[in-house]
Amino acid sequence: MSKNSKIGGVIAVLVTPYHADGSVDTEGMETLCRRVANAGCNGAFVAGSTGDMALLGHRDRCAILRAARKGLGDNAQLFAGVTDFYFDGIEENTRVFADLGVDVGVLMPPLMFFKYSANEMTEWFRRAADSSPLPILLYHHMRVSTPIPLETILAVAKHPNIIGMKETSQTIDRTYEILDTIRNEDFVFLQGREAFALDSLLHGADGLLAALGCIVPEYYATLWEAFQKKDMHRVQEINAKLDRLAGIFDLMPTDKSFSYFGYALKKALMYRGWTDNATSRIPGFEPDPAFDEVLFEFLKSIDFPTA
């Protein structure tokens with residue numbers, strides 16, 4: 001049996017809901033996960049970069065993962081960010097999260113803002129996977145200082161406990177290069193960049209792991225179902241909706257504060273009536289009131305769902 005035979009499809013990357021005082025909202029997470037599962041997504045990714053992974057202590061991660069597992073039920077998979085700054089932390093995360101019902105641990109490169117050699121990156125992932133009771137999915141993001149090199153990807157693809165990667169890159173060419181490199185490996189590729197979703201699937205990607213899945217999980221579930229049925233007319237129709245919605249990223253003034261990223265997604269959830277606040281984890285974040293007006297006008301213009 002393939003080591004990754006049950007991994008793939010569409011995985012919604014979730015924000016972390018908070019109460020007005022900044023504490024984690026476990027009921028909100030459970031409800032959001034239930035919506036994602038009911039929409040037909042194959043799973044959810046909790047405590048990733050979109051979900052404020054770096055701002056969540058171990059206790060908070062555990063709390064939202066318990067809630068997420070409950071909300072997803074038995075038929076959708078739970079992916080959890082296990083990244084930490086040291087191996088003891090990663091080992092504790094994978095061990096405890098496995099007991100909480102997590103299916104896949106998602107691991108980023110070490111100390112994201114420093115440079116590392118290909119060999120260092122390879123051994124980082126190997127060592128983490130060696131001790132993990134969870135299968136490990138690599139997570140590459142274009143904002144990290146050292147992209148996970150092809151040499152490392154090919155080396156760790158042979159590890160029995162490293163099942164694949166989430167790729168969020170600057171160019172589609174890197175996606176094509178990775179897919180061509182791992183084509184004969186038992187290694188899952190999940191696209192994390194919305195703009196490259198369809199091109200990646202057509203080139204052999206195993207699924208999508210995307211932040212917009214948090215706010216329109218039904219779009220992604222429909223896209224995946226249509227793609228499996230080879231209904232390309234329907235695929236193109238849904239992909240066009242996602243392309244329009246991806247304009248939300250251009251509205252976010254993340255050069256002023258990255259808090260706008262999660263804030264905008266939470267405001268979209270409020271627009272749908274799926275949450276009642278857009279509280280940020282960072283104290284002192286004060287969004288420009290004009291941003292809300294611009295965002296809501298944008299959502300209205302693209303017929304964003306209101307329920």
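This is a predicted model: local features need pLDDT of at least 70, side-chain atom pairs count only at pLDDT 80 or more; totals for chains, interfaces and linings use all residues.
## Helix H11 and what covers it

Contact here means heavy atoms within 4.5 Å of each other. H11 has 14 residues and reaches 20 Å from its first C-alpha to its last, close to the 20 Å expected at 1.5 Å a residue.

How many residues of H11 are buried? Twelve of the 14 are, so the helix is mostly covered, given that buried means under 20% relative accessible area. Among them are the aromatic residues Tyr260, Phe261 and Tyr263, and the buried list also includes Lys266, Lys267 and Arg272. The cover over these buried residues includes helix H1 (26–39), helix H8 (217–228), helix H10 (248–251) and helix H12.

Is Asn277 buried or exposed? Its relative accessible area is 18%, and because buried means under 20%, Asn277 counts as buried.

The side chain of Asn277 has two polar contacts to look for in the structure. One is with the side chain of Asp276, at 3.1 Å, and another is with the side chain of Thr279, at 2.8 Å. Leaving out residues up to four places away in sequence, Asn277 touches Tyr18, Lys266 and Met270. Lys266 is itself one of the buried residues of H11.

Val24 lies in the loop between strand E1 (9–13) and H1. Why does Val24 count as buried? Its relative accessibility is 13%, and the cut-off for buried is under 20%, so Val24 qualifies.

Gly73 is 49 residues from Val24 along the chain, and the C-alpha atoms of the two are separated by 20 Å.

Now for a strand. In a regular strand the side chains alternate between the two faces of the sheet. Strand E7 (residues 188–191) shows Val188 and Leu190 pointing one way, with Phe189 and Gln191 pointing the other way. These residues are all buried.

E7 pairs with strand E6 (residues 162–168) in the parallel sense, over four bridges. It is Lys166 that stands opposite Leu190 on this side. E7 also pairs with strand E8 (residues 207–210), again in the parallel sense, over two bridges, and there the bridge partner of Leu190 is Gly207. A right-handed β-α-β unit is made by E6, helix H6 (residues 172–181) and E7, and another right-handed β-α-β unit by E7, helix H7 (residues 197–202) and E8.

## The nonpolar core

Finally, look inside. The largest nonpolar core has 107 residues, and those touching the most other members are Leu14, Val46, Phe79, Phe97, Leu138, Ile215 and Leu245. Which element gives the largest share of this core? H11 does, with seven residues.

Not counting residues up to four places away in sequence, Leu14 touches residues including Met29, Leu32, Cys33 and Val36. Its contacts also include Phe45, Val46 and Cys214.

Notes. Residues are numbered from 1 along each chain as its sequence is written. Side-chain values use heavy atoms; hydrogens and water are left out. Buried means under 20% relative accessible area, exposed over 50%, partly exposed in between (1.4 Å probe, protein chains only). A polar contact is a pair of N or O atoms within 3.5 Å; within protein, one must be able to donate a hydrogen and the other to accept it, and residues adjacent in sequence count only if both atoms are side-chain atoms. Two strands pair if DSSP finds at least two bridges between them. A crossover is right-handed if, with the strands pointing away from the viewer, the path from the first strand over the helix to the second runs clockwise. The expected span of a helix is 1.5 Å times one less than its number of residues. A nonpolar core is a set of buried Ala, Val, Leu, Ile, Met, Phe, Trp, Tyr and Cys residues joined through side-chain atoms within 4.5 Å.
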